[in-house]
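Dear colleague,

I am passing on the structure we spoke about, and I would be glad if you could look it over alongside the notes below.

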Amino acid sequence: MTTNLNPIHNLIMQHPFATVLTVAFCLIVCLPLLLYIITKITALIKFFKGK
């Protein structure tokens, strides 16, 4: 487990700004997708409960 995380840890230490940007980019991409999925699921639940 630790051997796999070493390169990532080194990358974070060497390029903290790039790492922050990557994490921020992932969040910006994932959040709307997650919200879309959640709203679709809740709409489906309401639809099935209404029947």
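What follows is a short account of what was found.

This is a predicted model, in which local features need pLDDT of at least 70 and side-chain atom pairs count only at pLDDT 80 or more, while totals for chains, interfaces and linings use all residues. Residues are numbered from 1 along each chain as its sequence is written, and side-chain values use heavy atoms, with hydrogens and water left out.

The chain has two helices and zero strands (DSSP runs numbered from the N terminus, helices being H or I of at least four residues and strands E of at least two). Its radius of gyration is 19 Å, whereas a compact globule of 51 residues would have one near 10 Å (taken over C-alpha atoms, with the globule rule being 2.2 Å times the number of residues to the power 0.38). The C-alpha trace spans about 55 × 25 × 5 Å along its principal axes.

Of the 51 residues, 0% count as buried (buried means under 20% relative accessible area, exposed over 50%, and partly exposed in between, with a 1.4 Å probe and protein chains only).

His9 lies in helix H1, residues 2-14, and is partly exposed, at a relative accessible area of 43%. Leu31 lies in helix H2, residues 16-50, and is likewise partly exposed, at 47% relative accessible area. His9 and Pro32 are 23 residues apart in sequence, and their C-alpha atoms are 28 Å apart in space.

With kind regards
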